[in-house]
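Please look through the sequence and the 3D structure below before reading the briefing that follows.

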Amino acid sequence: GSDFISRKRAFWPVVTRSLDRLREQYDIVVIEGAGSPAEINLRAGDIANMNVACYADSPVLLVGDIDRGGVFAHLVGTLQLLQAEERALVAATIINKFRGTVSLLQPGVEWLADYAGLPVAGVIPWLPNVGIADEDAVALDSRISPDERAAFDIAVIHLPHISNFDDTDALAAEPDVNLRFVSSAAGITGADLVILPGTKATMADLEWLRRGGIDTAIHRYAAAGGAVAGICGGFQMLGNRLLDPEGVESSRHNALGLGLLPTETTFMPEKATHRVIAVATSDRGILAGLACAELVGYEVHMGHTVAETPAFSIRTRSGRSCEEADGAVNADGNVFGTYIHGLFDNDGFRAALLAGLASRKGISRTNAATRWSREQAYDRLAAHVRAALNMDLVHRLLER
């Protein structure tokens, strides 16, 4: 918000020091911009795009998304709006997400190269089902339901400040799962599982739930036996109380949670960021059959939660052995929460969870555990892009 904008000047030395350290340690550093490099209303104090490129004296590849339409106007207009020293760094353009026959686009590609005086490094064809995390939560608004006839319907609450929204990608990839992002009380109707995801502003999003009556709908859903899962900020919301004595999260020093888990959260100034290995310690309700199952994930949170009945136990945090309780589960076993992101990426956990949901519906799930690998998705995307680009040109830019 406005506070971030006003503090950009103070952030700039932190950005440059971090970049300097990376350049000392690595032969190649790829700098990804955010949004358009020619947002003239945001140019003052820019710390994410061309100011960084100018500081590093780095060659720039300008990428246009043809799927949104108007790609030639976007690329030419961006070049026109760049300042002279910024324009001098642009070494080539790329056209991304092209649907159709590339040869039919060739006259436009040749015109662009001639008009801009820059090579077009390639036209990257559209790649369906990319399988990697979306760049921004805005992409969630355009997700299309895969199949309304799917065996399982999962509703994820689309919080205004949603974060780590790729936590549910592995669930969405299951062939018998219909996963929806919803932002109304009516949206959870018919769901087999409701997920409260992570958020960058727990207190604010908790108030948003109440304004829209979504809190009441979740209460009724859970009271009727519906399955509910909370991840990180969503886990915090499911508890009895949230305390913020130091104003870390908001100006409110306390708030009542949804009261679906017997927990109390206190926000802390220090953010916990760790890779973790954990095991499930609960064997009740929708977590049945998971006790002692090993899970891999990560933590990113600014709060400590005290729970009567933990759902998991952290065994390794950032490579160090430990024995710390995580999460919580209610007495009936139909509501649980955790700080572990990436939980659903664990094939065994995901398979057991869906088997439990199937049992609750009185059906059987014969699907074997689907293998989920983000690394394979990134490798597939890299091969796709590599085949479409003039890699000799890219390598020459890297050697410059």
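In what order do the 6 strands of the open sheet stand? They follow the order β6-β4-β7-β9-β17-β16, and their pairing is mixed; two strands count as paired if DSSP finds at least two bridges between them, and helices (H or I, at least four residues) and strands (E, at least two) are DSSP runs numbered from the N terminus. This is a predicted model, in which local features need pLDDT of at least 70 and side-chain atom pairs count only at pLDDT 80 or more, while totals for chains, interfaces and linings use all residues. Residues are numbered from 1 along each chain as its sequence is written, and side-chain values use heavy atoms, with hydrogens and water left out.

- Strand β4 (residues 152-157) runs parallel to strand β7 (residues 193-196), and 3 bridges join them; Val156 has Ile195 in β7 as its bridge partner.

**Around Arg365**
- Arg365 is found in the loop between α11 (347-361) and α12 (374-388), and it counts as buried because its relative accessibility is 15%, where buried means under 20% relative accessible area, exposed over 50% and partly exposed in between (1.4 Å probe, protein chains only).
- The side chain of Arg365 makes polar contacts with the side chains of Glu174 (3.1 Å) and Asp176 (2.8 Å); such a contact is a pair of N or O atoms within 3.5 Å, and within protein one must be able to donate a hydrogen and the other to accept it, while residues adjacent in sequence count only if both atoms are side-chain atoms.

**Helix α8**
- In helix α8 (residues 202-211), the buried residues include Met203, Leu206 and Trp208, and just after α8, Gly213 takes a positive phi of about 75 degrees.
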